[in-house]
Amino acid sequence: DLNITSALNARFDEDTDYALRRYVDDFFIFAKTEASLKAIEETINEQLEAYKLYANSAKRQVLPRPFVTDITSAKQSVAALCGDMLTTAGKPLDSDPDAQRKTKAEFRFFLEELRLIVGRTSADFSTISSRIYSDVSKSVKALGGLCSGSIAIDQRADAFARLKSLVRILFYALSSDYRVSPIYRAHQILEEIHSARSHFTDLENAAFQDYLIFEICELLSSR
């Protein structure tokens, strides 16, 4: 390490032109330009060769600034998506059929986009699921608040559809991360959903219960 540092300092100003950090057998190089990075790599390789050591090119990874990993990218995308979901869930209930169809389409988009985010990154679902559960819970509570007063039949239909969409997103998250902690979090949200649908009619609640049973059966059959 001292030989590497000495060789680099003969050509570069440490902490101004570059910074070098090491963790076990991994080197982390921070450089201002690609030319500097290449020269630093060559210097390190020369010093390693003197001891019959060689860098593993398969582990080489170059990240531009700002440093954004797949996990960071996935978290940012999920945060933005969940924010939109929360806004849609909490907007005033609508009795217009066209507006209701638009809201359903927005929830379908959230779910499809969530699947795409998970699919296009190498991030493990458990690293992003916390935000999903948190904002589904907030969405359910916001929707419950909308249903707390006197609402028209058509508006109840809108609330019913939104709640079903949130259940669909919840069970997708659960099917992707089936550990004890997510199961318990899902149970808490289902309790919140039970409270939110207390303003539904007996017929609506029976239909919603059937939908919950369907989602549970789908979840169990996928395991």
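**Cavity**

I looked up the largest cavity first, and its volume is about 50 Å³. The model is predicted, so local features need pLDDT of at least 70 and side-chain atom pairs pLDDT 80 or more, while totals for chains, interfaces and linings use all residues. Residues are numbered from 1 along each chain as its sequence is written, and side-chain values use heavy atoms, without hydrogens and water.

I noted the rule: on a 1 Å grid over the protein atoms alone, a cavity is a set of points where a 1.4 Å probe fits but cannot get out. A volume is the space filled by probe spheres set on the points. I counted one cavity of 30 Å³ or more.

I listed its lining (residues with an atom within 4 Å of a point): Leu81, Cys82, Met85, Phe110, Leu114, Ile132 and Ile169. Helix α3 (70-90) gives the most, with three residues. By class, the lining has seven nonpolar residues, no polar and no charged; Ala, Val, Leu, Ile, Met, Phe, Trp, Tyr, Cys and Pro count as nonpolar, Asp, Glu, Lys and Arg as charged, and the others as polar.

**Helix pair**

I then looked up α6 (residues 153-176) and α8 (residues 202-222), helices being DSSP runs (H or I) of at least four residues. They pack at about 15 degrees, with axes 10 Å apart. That makes α6 roughly parallel to α8 (angles under 35 degrees).

I checked the contact (heavy atoms within 4.5 Å): it includes Phe160 and Phe171 of α6 and Phe208 and Tyr211 of α8. Its residues divide into 11 nonpolar, one polar and five charged.

Methods
Axes fitted to C-alpha atoms, helices over the stretch in contact; angles between N-to-C directions. Helix = DSSP H or I, 4+ residues; strand = E, 2+ residues; numbered from the N terminus. Parallel < 35°, antiparallel > 145°, perpendicular 65-115°, else oblique. 1 Å grid on protein atoms, 1.4 Å probe; cavity = no way out; pocket = protein on both sides within 12 Å on 5 of 7 lines; lining within 4 Å.
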